[in-house]
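Visitor: Please show me the structure, and then take me through it question by question.

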Amino acid sequence: MHIERYDGNRDALLPLFALADDSPTQVASYIEEGEVVVARAGDEIVGHALIIDTGDAATFELKSIAITQARQGEGLGRALVAAAITYCRERGGRHLIVSTATADIGNLRFYQRLGFRMASIVKDAFGPATGYPEGLLIDSIPLRDQVVFELDLGAD
């Protein structure tokens with residue numbers, strides 16, 4: 001497995017972005033922003049992470065991350081987050097934020113295991129007004145609210 005910067009056409013990564021975000025409208029709004037790193041197995045891209053500026057030089061956002069379903073559970077998500085952390089630190093970042101659905105128990109566990117701390121909740125972040133279909137469920141939980149996590153990059 002190899003993690004590297006991606007400079008190709010980002011449309012080629014749309015299936016991965018769609019795994020990370022159920023709203024094509026939202027994906028279209030940020031897919032061309034920031035820096036993308038990918039996980040490769042040979043010539044095949046099996047994961048990605050998108051890191052964007054937040055407007056605060058000390059804070060970056062992990063905007064999108066996904067691993068193909070066949071390769072989940074192999075530590076690739078951890079490796080992509082580690083690459084994002086390195087990217088941010090090299091640019092003087094002191095904080096990395098990431099948002100996920102409060103209904104996504106797997107993501108909540110994943111980020112907390114990596115040291116991220118809950119920073120805020122955005123109520124009703126997911127719905128038709130923001131490009132998400134009505135009635136989406138994650139693990140039988142309605143997709144409604146978003147949790148913002150933060151990682152202090154000065155802490156190890």
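Visitor: Which residue forms a salt bridge with K63?

Guide: A salt bridge here is a side-chain nitrogen of Lys or Arg within 4 Å of a carboxyl oxygen of Asp or Glu. For K63 the closest N and O atoms of such a pair are 3.9 Å apart. The partner is E61.

Visitor: What kind of model is this, and how are residues numbered?

Guide: Numbering starts from 1 along each chain as its sequence is written, and side-chain values use heavy atoms, with hydrogens and water left out. Local features need pLDDT of at least 70, side-chain atom pairs count only at pLDDT 80 or more, and totals for chains, interfaces and linings use all residues, since the model is predicted.

Visitor: Is E61 buried or exposed?

Guide: Relative accessible area decides this: under 20% is buried, over 50% is exposed, and in between is partly exposed (1.4 Å probe, protein chains only). K63 has 29% relative accessibility, so K63 counts as partly exposed. E61 has 14%, and therefore E61 counts as buried.

Visitor: Which residue is the bridge partner of E61 in β5?

Guide: Strands (E, at least two residues) and helices (H or I, at least four) are DSSP runs, numbered from the N terminus. Two strands pair if DSSP finds at least two bridges between them; β4 (residues 59-67) and β5 (residues 95-101) pair in the parallel sense over four. The partner of E61 in β5 is I97.

Visitor: What is the strand order of the sheet?

Guide: The sheet is open, has seven strands and shows mixed pairing. Its edge strands, each pairing on one side only, are β1 and β6 (117-122). The order is β1-β2-β3-β4-β5-β9-β6.

Visitor: What angle does the direction of α3 make with that of β4?

Guide: Contact means heavy atoms within 4.5 Å, and α3 touches β1, β2, β3 (44-53), β4, β5 and β9 (146-152) as it packs on the sheet. Axes are lines fitted to C-alpha atoms, for helices over the stretch in contact, and angles run from 0 to 180 degrees between N-to-C directions. The angle between α3 and β4 is about 155 degrees.

Visitor: How far apart are the end C-alpha atoms of α3?

Guide: The expected span of a helix is 1.5 Å times one less than its number of residues. Helix α3 (residues 76-90) has 15 residues, so it should span 21 Å. The end C-alpha atoms agree with that, at 21 Å.

Visitor: Is E35 buried or exposed?

Guide: At 53% relative accessibility, R5 counts as exposed. E35 has 11%, so E35 counts as buried.

Visitor: What is the phi of D124?

Guide: Most residues other than glycine have a negative phi. D124 is in the loop between β6 and β7 (137-138) and is exposed because its relative accessibility is 60%. Although D124 is not a glycine, its phi is positive, about 55 degrees.
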